[in-house]
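Biologist: I've got this one open on my screen and would like to talk through a few of its features. Shall we start with what the terms mean?

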Amino acid sequence: MENETVKPISKSERIAYLDILRGISILFIYTANILMFSGIFFFPEDSPQRLYTLPTDEWVDFINYVLVDGKFYSIFSLLFGIGCVIQFNNLTAHGKAFAPFFRRRMFWLLIIGLIHLVLFWPGDILTLYAFLGFFLIWFVKKSNKTLLITAGIFILFPLVNWAFMHFSGIYYPGLAFQKSTEIYQYFGMPIMEFQGGLSPNFIAYQLNENIADFFKMNLGNTFIRIGRILDEGRLFKVFGIFLIGIWAGRKILNENILDNTAFLKKVFVIGLLVGLPVNIVRGYIEFFVDSTDTTKLFHILAYALGTVPLALSYAAGIALLVKKKVGFLDWFKPVGKTALSNYLFQTAISTIIFYGFGFNLVGKFGFTYVMMIGLGVFIIQIICSKIWLRYFKFGPMEWLWRKLTYGIQLKIKK
């Protein structure tokens with residue numbers, strides 16, 4: 001049977017650059033997620049809960065928003081598309097059908113993602129990736145031209161999504177937000193008034209000390225996540241970058257683009273020159289201009305014109321550094337090889353550090369301290385990943401995902 005003969009990519013076939021890029025992405029995705037875990041978004045600066053702050057908080061916040069926000073989950077989306085091409089090449093080289101295999105792969109990722117989303121972390125990205133992965137199968141054989149044109153349309157499509165809601169008055173994500181409130185009410189969980197209606201009380205969720213209530217509220221939070229994805233058109237953004245990833249994967253595997261220094265420099269410079277100014281303006285509007293329909297429209301446009309180019313610039317810049325054999329980049333490689341495990345462990349570690357049933361540190365730290373905590377957690381992950389890979393071939397969740405996907409007895413120990 002086909003799932004008994006096809007095996008995971010071997011160690012010798014791995015591309016070091018992709019592991020490094022994946023590891024760096026895991027770090028900076030965490031710097032975005034830890035803001036939610038820590039409660040910064042929900043506890044105001046003058047909150048009695050806020051005990052530890054530094055004068056650098058506002059500047060670190062602004063720099064993070066301009067240089068990091070959205071860029072590394074975009075790179076992670078790019079890597080997902082590249083991974084799709086690697087799997088496609090692996091399957092076709094063995095004379096096996098790609099679609100059935102990739103559906104199995106996405107099915108099990110969807111199961112892992114749903115468990116993570118519904119029970120533990122409303123900011124989960126795995127569920128969205130797995131869902132969109134089923135549709136990616138339709139594009140894996142398309143021409144490069146079709147991929148790039150379609151990617152551009154999808155990346156810009158959130159503008160259509162916004163225009164539809166704005167001019168029709170049909171705010172369809174509201175159905176998901178309403179469902180989240182209904183679930184909170186059904187379980188008797190705390191709600192609050194928000195913008196003239198009722199909404200789950202996220203501060204109470206983070207301060208909650210009861211594990212059973214934590215799971216009940218997470219079920220409601222799942223629909224908040226769905227509502228936000230629909231509101232910002234993230235379905236379209238992510239899928240567009242997936243398609244760029246397929247294009248990039250072909251260039252890496254078939255045309256050795258990672259050895260094309262001139263091309264990488266061009267992507268780095270153009271992405272920086274286009275993306276950085278747009279993101280600086282985006283950051284200025286976010287921090288210093290009142291929110292209006294116009295500013296919301298600009299934020300959507302800035303993602304396409306600023307975030308994606310800057311993310312591609314980062315990816316090209318890191319490729320250039322890897323080509324020059326910059327030593328410290330190897331630190332990220334073990335985390336990149338165990339990215340799924342580390343992503344999920346970040347949830348476990350952060351809920352224990354911050355939430356009420358753990359050390360109850362939620363809302364106590366300003367931006368600078370939160371970033372320092374995030375960096376500390378990541379350094380621990382580098383050390384643990386390096387030690388783990390001395391004795392095991394895969395991360396624990398990577399092993400489980402592969403085992404379920406390939407349907408074979410897969411040894412985890414070296």
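Predicted model: local features only at pLDDT ≥ 70, side-chain atom pairs only at ≥ 80, totals over all residues.

Biologist: Is Cys-384 buried, partly exposed or exposed?

Modeller: Its relative accessible area comes out at 45%. Buried would need under 20% and exposed over 50%. So Cys-384 is partly exposed.

Biologist: And Cys-84, buried or exposed?

Modeller: For Cys-84 the relative accessible area is 1%. The cut-off for that end of the scale is under 20%, so Cys-84 is buried.

Biologist: How many disulfides does a search of the whole structure find?

Modeller: A pair of cysteine sulfur atoms has to lie within 2.5 Å to count. With the whole structure searched, the number of disulfides is 0.

Biologist: On to helices: how do α7 and α11 run relative to each other?

Modeller: Helix α7 covers residues 144–168 and helix α11 residues 234–255, with axes 7 Å apart. They pack at about 160 degrees, and angles over 145 count as roughly antiparallel. α7 and α11 are therefore roughly antiparallel.

Biologist: What handedness does the crossing of α5 and α6 have?

Modeller: The axes of α5 (residues 98–120) and α6 (residues 126–136) come within 7 Å and cross at roughly 155 degrees. That makes α5 roughly antiparallel to α6. The crossing itself is left-handed.

Biologist: How many residues of the contact of α5 with α6 are nonpolar?

Modeller: Among the residues that meet are Phe-102 and Met-106 in α5 and Phe-131 and Phe-134 in α6. The contact has 3 polar residues and 1 charged, while the nonpolar ones number 13.

Note on methods. Residues numbered from 1 in each chain as written. Heavy atoms only, no water. Axes fitted to C-alpha atoms, helices over the stretch in contact; angles between N-to-C directions. Helix = DSSP H or I, 4+ residues; strand = E, 2+ residues; numbered from the N terminus. Parallel < 35°, antiparallel > 145°, perpendicular 65-115°, else oblique. Buried < 20%, exposed > 50% of the residue type's maximum accessible area, 1.4 Å probe, protein only. Left-handed = near helix turned anticlockwise from the far one by under 90°. Contact = heavy atoms within 4.5 Å. Nonpolar A, V, L, I, M, F, W, Y, C, P; charged D, E, K, R; others polar.
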